[in-house]
Amino acid sequence: MRIVAPSYSIQDDLDRASLVVRLEACGRICYKSEGLISESSALPFVKKIAEHGHNSVMEMAVVTMGVKCSGEQFDSLLALEPKYLFMDRLETEVLVTASIRSLRELYQRASDNPVVQAMVAFMVAGHPYLFEGVWDGGGDDGTSGVEVRKLDLDEVDALSSELLAKHRFLGVKFIVNRAVTHEIVRHRPCSFLQESQRYCRYSQDKFDNQVTFINPMFYEEGTDEFALWEKAMEDTEEIYLKLLETSTPQAARTVLPNSCKTEIIVYCNLAEWRHIFRLRTTPAAEPSMREVMIPLAAEMKERYSAVF
Ligand SMILES: Cc1cc2nc3c(=O)[nH]c(=O)nc-3n(C[C@H](O)[C@H](O)[C@H](O)COP(=O)(O)OP(=O)(O)OC[C@H]3O[C@@H](n4cnc5c(N)ncnc54)[C@H](O)[C@@H]3O)c2cc1C
């Protein structure tokens, strides 16, 4: 067995990557198949994901658009009560931040709405594969007058603090124990992808044929308590590997404990990160949660002092 310290990393590299590369990099965390990423792997991976309905992967990339439309057209969009769209009416345009999933599903139920149609047509022009099976070719004859442009990341980062908090999304990958992931996923406005104990078979070579556990911050190495914890993990690993000889990972995982290492990507806007830090850094929060959230909150504050 292996014991590792908990950690986190802000996914800056993916912020600058293309949408499809970003989706693949996030999606592969479930299977821990990052080793299969190549120059040509992103497109087939994302297509398969969309076909299989693994929809949360399609939440892992948002786009911020500036939409020019009439007041009436904007009202028709609001009347749809679109879910998971972040919108602000500015003087000259409407700012809309939406994930690929939210756009796909909005188009499925309201493809005749001129603003929905214009936004999705704009996305299809650059990324047709993300709307495969959904896009019907569009019925816009060009008379709606709706104009759509994409804001690049630097433009989003330059927004005023209130707009920045709402429209700037940031992904963080955590390597933590299963108790921490269990608590993190309670934050409903976030999108999550996590290492699956159904798909990952820790007896495989890519896992070095062993289970990885997170070092418990409660017990100091060298103490009797730590030795007891370590023994429990060793015994568990032995039983888990034995069960895998005759059963599936989803069956064998039923013996895995809270200390089991889990990788999880949390993706949400800065406003939700602010809310998470308010709840997860105070003395009332779980200490293993605070262990990662306190330094992360400090780092975010340094980057976005106007928001945090
Ligand atoms: C110290 C601590 C102890 C806890 N103990 C327990 C426990 O013993 N058992 C347990 O089950 N949970 C527990 N929790 C989890 C807690 O109840 C929340 O589920 C979790 O912190 C998510 O936060 P949230 O609900 O404020 O907001 P999020 O889910 O992060 O949502 C953000 C915001 O969206 C809004 N929102 C989202 N969904 C809804 C909705 N359906 N209705 C209205 N508004 C919504 C709210 O304004 C909310 O502030 C604990 C959390 C903490 C920090």
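**The surroundings of the ligand**

By class, the shell around the ligand consists of four nonpolar, two polar and two charged residues. This description, like everything that follows, rests on a predicted model. The residues that surround the ligand are Arg186, His187, Arg188, Pro189, His275, Leu279, Ala284 and Ala285. Read by class, Arg186 and Arg188 are the charged members, while His187 and His275 are the polar ones.

Attention may now turn to the strands. Strand 3, which spans residues 62–68, is joined to strand 5, residues 94–99, by six bridges, and the two strands run antiparallel. Within this pairing, Thr64 stands opposite Thr97 of strand 5. Strand 3 also pairs with strand 6, residues 147–150, in the antiparallel sense, here over four bridges. In strand 6, the residue opposite Met65 is Lys150.

The helices provide a further point of study. The axes of helix 4 (residues 71–78) and helix 6 (residues 114–126) come within 8 Å and cross at roughly 85°. Because angles of 65 to 115 degrees count as roughly perpendicular, helix 4 is roughly perpendicular to helix 6. On the side of helix 4, the contact is made by Gln73, Phe74, Ser76 and Leu77; helix 6 contributes Pro114, Val115 and Val116. By class, the residues of this contact comprise five nonpolar and two polar, with no charged residue.

Key. Residues numbered from 1 in each chain as written. Predicted model: local features only at pLDDT ≥ 70, side-chain atom pairs only at ≥ 80, totals over all residues. Near = placed C-beta within 6 Å. Axes fitted to C-alpha atoms, helices over the stretch in contact; angles between N-to-C directions. Parallel < 35°, antiparallel > 145°, perpendicular 65-115°, else oblique. Contact = placed C-beta atoms within 7 Å. Pairing = 2+ DSSP bridges.
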